[in-house]
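Hi,

Here's the structure I said I'd pass along.

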Amino acid sequence: MLSSSDKDRRDLRHFSEPLVSVVIPAFNAFRYIERTLRSAGRQTYRNLEIIVINDGSTDDTARVVEQVALEDSRIRLLSTPNRGVAAARNTGIQEAAGWFVAFLDADDLWHQTKIEKQVNALKCLSPQWAAVYVLHYIINSHDEILRSCRPDVARGYIFARHLTFKYVGNGSALLVRRDVALEIGGFDSSYAAAGIGGCEDLDFELRLAARYHIEVVPERLVGYRQYPGNMSSNHLQMGRGALEVVRRSLAANAPLPKYATKSATNATQKYAFWEFRQARNTYLSLVTIWSIARSEPGFIVRLVLDKSLRLIQHCLRLVTTTANGQAPPRMNRSKFDQQIVPSPVERPDETEQFRRHLMRLAAVDAELSSMLEPLAKEFAPAAINHKPRLRSRTLESDI
């Protein structure tokens, strides 16, 4: 048992660290919000405030948050009319008192060391480094791990590479300096207004990456939940949103070298194609694959071969099931919980062609970074100050 003096020293240690504001937008999140809040509350990094933005929920989301807040005084509930995830996050940024802001979707989970590792990675870097991301697992509604994300990582000035590889991957992986989040205008709510919400995270990341350096902790510290009914399951909306995000980013940062523009466009069209296929939208699937084929004819060949292979595998599973007279047993999956021991991921095997491709995009980033450095020195934000800060009202358009 800790003595009073031990507790005092522990508290002083916690609050000598910069405050981190956790922003959780929640719309009809009754099913998962308690698990998400406890995931945030169990962080080894204790100097947190947890701001839940109840975005016009019509279920018991607010009641559950209030119940958990009785056990954790760091939790604060703000209720607003339903305006979408971007506007909800902007409200959280406005209300945040922390030097850093970490975003957490209301159905995702964090490993208990996530914030500690991110703050430690970022706080020792210069103000030119504005954010840090981690990797993730895909989990189901029972917190079971379905698969790992592809362990592609990059750090530093990564704008051109991020346009193609979209390293961050989800809205619960990023921790950012609050002043920078305000400076770049927060999240863009116009996507939701246009009916193509879902990729606002990518839009925010690209605007961030165009002006600042980004760090990475190459460990899977997020459980990113996918299930029927959540935003990422709206495949038509996600595909259209991704195309529009990259189109806007390329327009806003012109002129990029033709190679980088083509790479970003091709990669995003491939993502959109798979989303349109899952949405069973034949027209958009055909339009998108025609655009891909004009610049990369081999994609269709690989698509046909992959389809044939998966069909053969499916037939083999059916034969095996019929021969045994029973369905294959359900897989025993690990759960994303506090027992997981995160470890650095290994880079995937890369072909020579992929390495050359990555090197060309890295060279573009190096050139863009050299052009940005004089501006960065002139307009660099202030050094970290752990004292309480006044809340800015920069994002007035989303109040």
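In helix 12, the buried residues are Ser285, Thr288, Ile289, Ser291, Ile292 and Ala293. Bear in mind that this is a predicted model. The helix covers residues 282-295, and its 14 residues should span 20 Å at 1.5 Å a residue; the end C-alpha atoms are 21 Å apart, so that agrees. Its N-terminal end is capped by Asn281, with a side-chain oxygen 3.4 Å from the backbone nitrogen of Tyr283.

Glu200, in helix 9 (residues 200-209), might interest you. Glu200 is buried but has no salt bridge, and the nearest side chain of opposite charge, Arg89, is 5.7 Å away. What Glu200 does have is a side-chain polar atom 2.7 Å from the backbone nitrogen of Gly198. Beyond its sequence neighbours within four places, its contacts include Val85, Phe187 and Tyr191.

On to the salt bridges: the whole structure has 22. One of them joins Lys117 and Glu219 at 2.7 Å, N to O. Lys117 sits in helix 5 and Glu219 in strand 9, so this pair ties together parts 102 residues apart in sequence. Glu219 counts as buried at 12% relative accessibility, while Lys117 is partly exposed at 25%.

Arg248 and Glu244 also form a salt bridge, with the closest N and O atoms 2.9 Å apart. They are 4 residues apart in helix 10, which means about one helical turn separates them.

Cheers

Note on methods. Residues are numbered from 1 along each chain as its sequence is written. This is a predicted model: local features need pLDDT of at least 70, side-chain atom pairs count only at pLDDT 80 or more; totals for chains, interfaces and linings use all residues. Side-chain values use heavy atoms; hydrogens and water are left out. Helices (H or I, at least four residues) and strands (E, at least two) are DSSP runs, numbered from the N terminus. The expected span of a helix is 1.5 Å times one less than its number of residues. Buried means under 20% relative accessible area, exposed over 50%, partly exposed in between (1.4 Å probe, protein chains only). A polar contact is a pair of N or O atoms within 3.5 Å; within protein, one must be able to donate a hydrogen and the other to accept it, and residues adjacent in sequence count only if both atoms are side-chain atoms. Lys and Arg count as positive and Asp and Glu as negative; His and the chain ends are not counted. A salt bridge is a side-chain nitrogen of Lys or Arg within 4 Å of a carboxyl oxygen of Asp or Glu. Contact means heavy atoms within 4.5 Å.
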